[in-house]
Amino acid sequence: MYFTEEHEAFRQSFRDFLNKEVVPHIDKWEKTGNIERFIWKRFGEMGYFGLNYPEKYGGLGLDVFYTVIFLEELQKVNSGGFAAAMWAHTYLAMTHLNTEGSEKIKNEYLTSSINGDKIGCLCITEPYGGSDVAGMKTTAVKKGDNYVINGSKTFITNGYYSDYLIVTAKTDTSSRTKGISIFILDRETKGISATKLDKLGWRASDTAEIAFDNVTIPAENLLGEEGKGFAYLMSHFALERLVMGVNAHARAEYALNYAIQYMSERKAFGKTLDSFQALRHKVADMASEVEMSKEFNYSIAQRMKDGQYIVKEASMSKLLSTKIADRVINECLQLLGGYGYMEDYPMARLLRDSRLGQIGGGTSEILREIIAKMVIDKKSYKPAT
């Protein structure tokens with residue numbers, strides 16, 4: 001219903017690419033926390049960063065279900081950090097370039113992002129703000145033909161090794177939502193410093209706290225219109241939350257399939273684990289939840305493809321899919337017994353990596369309030385114009 005033969009051919013070719021070019025390096029990247037630059041260039045050469053971007057800038061202009069496949073297959077390399085680095089570049093940083101960037105910015109940064117020459121990051125969260133985007137303290141003060149930026153951001157994926165930063169800042173401190181603007185900053189700009197953070201999971205990706213000390217940039221580095229940054233962010237949060245929902249159902253499915261294979265081979269009391277009723281029924285429950293999550297996410301992707309504004313549904317996707325993923329992966333680890341706790345098996349890393357799902361991109365608590373406002377208070381959200 002959602003995937004054509006062309007989609008499935010792409011899935012197989014991308015899976016083969018990942019198994020050949022990525023999987024052999026994953027353990028090294030997990031240990032070093034540094035994804036080597038050659039793989040970014042290989043992704044660019046293969047067109048994987050340009051799936052849904054205009055051909056004018058080197059993209060392929062494909063539909064959203066190629067993106068769904070991209071996300072799903074990335075979860076199967078068993079490195080949430082590697083997957084996050086790839087999709088944060090492609091669907092966080094690049095989304096703002098494509099939607100709000102001027103032609104000059106697109107030609108300089110979007111094109112080089114698609115071909116893998118430049119890596120981007122999106123800087124929203126602040127040390128004392130968390131999910132309160134409107135309460136950000138970072139400022140951008142207009143001085144002649146420049147803006148001067150001061151403040152800090154934290155928990156930024158690709159924040160240490162990226163080549164450019166998409167940064168949100170207050171251009172009007174007297175307003176919460178209408179005073180936010182978005183800028184692009186080159187990494188080499190004076191006054192930018194980054195500290196790499198040590199995380200529980202997502203070990204392969206670099207996550208940073210970033211400081212801006214009188215960072216001076218040209219006024220032309222403004223993305224879109226001044227003061228419309230909050231509206232731009234809200235428009236793109238729907239995509240980010242769907243991305244994280246798809247990631248969740250994909251890693252849950254990967255964990256479940258691994259557990260089922262393990263159960264078919266592991267014996268206890270003279271028979272394989274998959275013949276014990278208690279374990280079989282546990283698998284049945286998990287498979288049902290994962291399938292429902294997956295089908296719901298596919299239906300939302302279809303709505304997005306049809307041009308609908310999916311704020312409520314994408315928030316529901318992330319809320320439920322990440323919750324299901326954590327529970328399923330925890331249960332799958334239990335099915336492996338002591339081996340589930342061993343680093344030589346994939347479940348331990350999966351468990352750590354999955355836990356961020358209910359935190360990043362809007363915590364589950366924040367999502368519940370957004371959904372409640374729409375369901376109970378009948379609040380509606382509209383795309384930025």
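This is a predicted model: local features need pLDDT of at least 70, side-chain atom pairs count only at pLDDT 80 or more; totals for chains, interfaces and linings use all residues.
I would like to begin with a polar contact between the side chains of Glu100 and His236, which lie 2.7 Å apart, where a polar contact is a pair of N or O atoms within 3.5 Å, with the conditions that, within protein, one must be able to donate a hydrogen and the other to accept it, and that residues adjacent in sequence count only if both atoms are side-chain atoms. Residues are numbered from 1 along each chain as its sequence is written, and side-chain values use heavy atoms, with hydrogens and water left out.

To stay with Glu100, its side chain also makes a polar contact with the side chain of His96, again given as 2.7 Å. Glu100 sits in helix α5, residues 80-100, where helices are DSSP runs of H or I of at least four residues, strands are runs of E of at least two, and both are numbered from the N terminus. Leaving aside residues up to four places away in sequence, Glu100 touches Ile182, Leu223, Gly224, Tyr232 and His236, contact being heavy atoms within 4.5 Å.

Turning to salt bridges, the structure holds 23 of them. One is between the side chains of Arg11 and Glu72, at 3.0 Å from N to O, and this pair links distant parts of the chain, with Arg11 in helix α1 (residues 5-22) and Glu72 in helix α4 (residues 64-74), 61 residues apart. Both Arg11 and Glu72 are buried, and they belong to a network of salt bridges that links Glu8, Arg11, Arg15, Glu72, Glu73 and Lys76.

Another salt bridge joins Arg349 and Asp27, whose closest N and O atoms are 3.0 Å apart. Arg349 lies in helix α10 (residues 346-354) and Asp27 in helix α2 (residues 26-32), so this pair ties together parts that are 322 residues apart in sequence. Is Arg349 buried or exposed? With a relative accessible area of 12%, Arg349 is buried, while Asp27, at 47% relative accessibility, counts as partly exposed.

Finally, I come to helix α3, residues 37-46, whose buried residues are Ile39, Trp40, Phe43 and Gly44. Why do these residues line one face of the helix? Seen down the axis of α3, they fall within an arc of 145 degrees, so they line one face, the arc being that of the directions from the helix axis to the C-beta atoms. As background, an α-helix has 3.6 residues a turn, so residues three or four places apart point the same way. The buried residues of α3 pack against α1, α2, α4, α5 and α6 (103-114), and just after α3, Gly47 takes a positive phi of about 85 degrees.

Definitions and conventions
A salt bridge is a side-chain nitrogen of Lys or Arg within 4 Å of a carboxyl oxygen of Asp or Glu. Buried means under 20% relative accessible area, exposed over 50%, partly exposed in between (1.4 Å probe, protein chains only).
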